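Please look over the chain below before reading on.

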Amino acid sequence: MHDCLVIGGGIVGLSTAMALQRRGATVVVLEKEAEVATHQTGHNSGVIHAGLYYAPGSLKARLCRAGERATKEFAAAHDIPFRAVGKLVVATNDVEVSRLAGLRERAGENGIHVEPVSAARLRELEPNVAGREALLVPATAVVDYRQIARAMADDVRAAGGQIVTRAAVTAIREDEDGVQVRADGRTLRAGRVVACAGLQADRLARAAGLDVDFRIVPFRGEYYELPPERAGIVRHLIYPVPDPDLPFLGVHLSPTIDGRTTVGPNAVLGLAREGYRRSEASLTDVLDYAAFPGMWKLARRNLRTGAVEVASSLSRRGYLARCQRYCPSLRLSDLRPHPTGIRAQAVLRDGTLVHDFLLRETPRQLHVANAPSPAATSALPIGEMIADRVFGPL
Ligand SMILES: Cc1cc2nc3c(=O)[nH]c(=O)nc-3n(C[C@H](O)[C@H](O)[C@H](O)COP(=O)(O)OP(=O)(O)OC[C@H]3O[C@@H](n4cnc5c(N)ncnc54)[C@H](O)[C@@H]3O)c2cc1C
């Protein structure tokens, strides 16, 4: 019998496996795909967030701040390139200027170093960006999370753990002495199970018999990429001021660690949890959220925002208009195709989008119910927190 089975070979499952091993546990990671980091971990913006946005005292605020440092240290120790390009959050109208002031205050409460930037200074820093004011976050960096996850998988194996791919978990049964798990025709037994299943988190929790009070709703994050000769149009990450009611940060310009510049992502309700092409739809996935009362409450509250997101998904011109608000020199011909990512976002019965990381526990299981952005940045401290809960502090 193993000490612990970890379900999910994304960055959260892998960092959790490492943290469990540091506590002396024997660990097996079960991943349904052929490789680790196939879903959210391998389809994101590659930003190491500093942590300015999150509600003070929340898990996100604490773990993102710790994760920013831990991710950079992990990358440096494993020869994985990262670059602290810094981020500029740009306000373009009165509402955004006042929200930016709120963000600056929040950064202070979260202990994040930020620098106010005037319109004139913004022009010096970024000649292609226009705004009334901005906030510079120097610590924000870029990295390739797929590389981080692969290095974590290597570390898990080096410490004696197993990573079993093509092992989709279909059933979980807990009894007094342990937990039994069915994965692709085989049965495994362990003292504990930690599920870090991202887009499938609610289904695994249900399979394990938990009373599931949330639903995972897929939000597509569609990107474009600038042509190579335009990739140097910005030097920093350029973000709009986000809507404080939504957990999404807005369509931004991101220099990537491999020298490209991506534009995006938007946040459009998806028709399939793991269908990356726009034409892909899954009846099961759609029925799953359509039958959930919280989804309709959420939709009614966010009709206007949803319409803007859909418009920017269906029309490249609509997408461009969103970015031209802060980068007027962008042209339609600058928007080249780039792979889409799909966010796993937990929604509650009352229609609340869960902003913070969310865990659900039984005596022998821990399920990560909500680990959206910045969970890639925060994965190392999330792993430590989970291991503390499952096996006690180091
Ligand atoms: C478009 C987009 C942009 C983002 N940008 C950023 C960013 O810049 N910075 C940041 O910090 N975060 C960002 N995020 C968030 C970040 O990518 C995620 O929070 C993080 O990757 C979550 O990791 P995870 O391990 O929980 O999930 P995942 O990476 O999705 O891993 C879950 C794994 O579980 C496996 N699994 C599911 N069901 C089963 C089963 N039944 N049996 C076995 N295995 C199973 C899946 O195959 C998958 O590999 C972004 C996310 C998206 C989608």
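The structure is a predicted model, in which local features need pLDDT of at least 70 and side-chain atom pairs count only at pLDDT 80 or more, while totals for chains, interfaces and linings use all residues. Residues are numbered from 1 along each chain as its sequence is written.

Counted in this way, the secondary structure of the chain comes to 11 helices and 19 strands. Along the principal axes, the C-alpha atoms fill a box of roughly 65 × 45 × 40 Å. The radius of gyration, taken over C-alpha atoms, can be set against a globule rule of 2.2 Å times the number of residues to the power 0.38. For 394 residues a compact globule would have a radius of gyration near 21 Å, and the value of 21 Å for the chain agrees with this. Two residues are in contact if their C-beta atoms, placed from the backbone, lie within 7 Å. Among contacts between residues at least 6 apart in sequence, 73% join residues at least 24 apart.

A residue is called buried if 20 or more other C-beta atoms lie within 10 Å of its own, exposed if 12 or fewer do, and partly exposed in between, with C-beta atoms placed from the backbone. By this criterion, buried residues make up 51% of the 394 residues in the chain. In soluble globular proteins, nonpolar side chains tend to be buried together. A nonpolar core is defined as a set of buried Ala, Val, Leu, Ile, Met, Phe, Trp, Tyr and Cys residues joined through C-beta atoms within 7 Å. The largest such core has 122 residues, of which Ile-7, Ile-11, Leu-14 and Ile-238 touch the most other members. Helix α11 gives the most to this core, with 8 residues. If neighbours within four places in sequence are left aside, Ile-238 is in contact with Leu-88, Val-90, Glu-126, Val-129, His-252, Leu-253, Tyr-326 and Cys-327.

Which residues are buried in helix α10? In this helix, residues 316–324, they are Tyr-319, Leu-320, Arg-322 and Cys-323. Seen down the axis of α10, the buried residues fall within an arc of 155°, so they line one face of the helix; the arc is that of the directions from the helix axis to the C-beta atoms. These buried residues pack against β15 (261–264) and α9 (303–314). Leu-320 is buried, with 20 other C-beta atoms within 10 Å, and, not counting residues up to four places away in sequence, Leu-320 touches Leu-330, Leu-332 and Leu-335.

In helix α2 (residues 59–77) lies Arg-65, a buried residue with 23 other C-beta atoms within 10 Å. Leaving aside neighbours within four places in sequence, Arg-65 is in contact with Gly-51, Asn-110, Gly-111 and Ile-112.

Several loops have backbone details to inspect. The peptide bond from Gly-264 to Pro-265 is cis, with omega near 0°, and Pro-265 has its place in the loop between β15 and β16 (268–269). The bond from Ser-373 to Pro-374 is also cis, with omega near 10°, and Pro-374 lies in the loop between β19 (365–370) and α11. Ala-37, in the loop between β2 (27–30) and β3 (47–48), has a positive phi of about 60° although it is not a glycine. Is Ala-37 buried or exposed? Ala-37 is buried, with 26 other C-beta atoms within 10 Å. Asp-184, which lies in the loop between β10 (179–183) and β11 (186–195), has a positive phi near 45°, and Asp-184 is exposed, with 12 other C-beta atoms within 10 Å.

Definitions and conventions. Helices (H or I, at least four residues) and strands (E, at least two) are DSSP runs, numbered from the N terminus.
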